[in-house]
Amino acid sequence: MSALLPLDAWAREQYGEHAPSVRTLQRWVREKRIAPLPERHGLRYYVRPDARYVEPRPIGGRLVDRIKA
């Protein structure tokens with residue numbers, strides 16, 4: 001397994017000069033939009049090099065349908 005990357009370094013690898021801000025990346029972690037989830041070590045997040053951004057699942061419909069999903 002490869003060494004973990006700091007979240008901002010991962011974003012630069014994925015998006016180049018168009019990488020999201022650190023604040024946006026932290027929001028993505030809270031909203032579980034990066035898979036596999038980054039690990040928090042102290043005040044920083046670290047992520048596997050093969051991690052990817054995932055679109056959040058849309059919320060809608062009946063509650064019972066969302067629970068079954």
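I started with the secondary structure of this predicted model and counted three helices and five strands. Going along the sequence, I noted the order β-α-α-β-β-β-β-α. I then looked up the radius of gyration: 14 Å, well over the 11 Å that the globule rule gives for 69 residues, so the protein is more spread out than a compact globule. The C-alpha trace spans about 40 × 25 × 20 Å along the principal axes.

Next, burial. I found that 22% of the 69 residues are buried. Which residues form the largest nonpolar core? I listed 11 of them: L5, L7, W10, A11, L25, W28, V29, I34, Y45, V47 and A51. As for the elements behind this core, α1 (7-15), α2 (22-30) and β4 (44-47) each supply at least two residues.

I picked one core member, I34, and asked what I34 is in contact with once neighbours within four places in sequence are left aside. My list reads L7, W10, L25, W28, V29, V47, A51, R52 and V54.

Then I checked contacts across the whole protein. Of those with a separation of 6 or more, 43% come from residues 24 or more positions apart.

Last, surface and charge. The accessible surface comes to about 5,400 Å², and carbon and sulfur atoms hold 53% of that. I counted 14 positive and 8 negative side chains. How far apart are the centres of the two sets? I got 8 Å.

Terms used. Residues numbered from 1 in each chain as written. Predicted model: local features only at pLDDT ≥ 70, side-chain atom pairs only at ≥ 80, totals over all residues. Heavy atoms only, no water. Core = buried A, V, L, I, M, F, W, Y, C linked by side-chain atoms within 4.5 Å. Buried < 20%, exposed > 50% of the residue type's maximum accessible area, 1.4 Å probe, protein only. Helix = DSSP H or I, 4+ residues; strand = E, 2+ residues; numbered from the N terminus. Contact = heavy atoms within 4.5 Å. Rg over C-alpha atoms; globule rule 2.2 N^0.38 Å. Areas by Shrake-Rupley, 256 points an atom, 1.4 Å probe, with all protein chains shown as cover. Lys, Arg positive; Asp, Glu negative; His and termini not counted. Charge placed at Lys NZ, Arg CZ, Asp CG, Glu CD.
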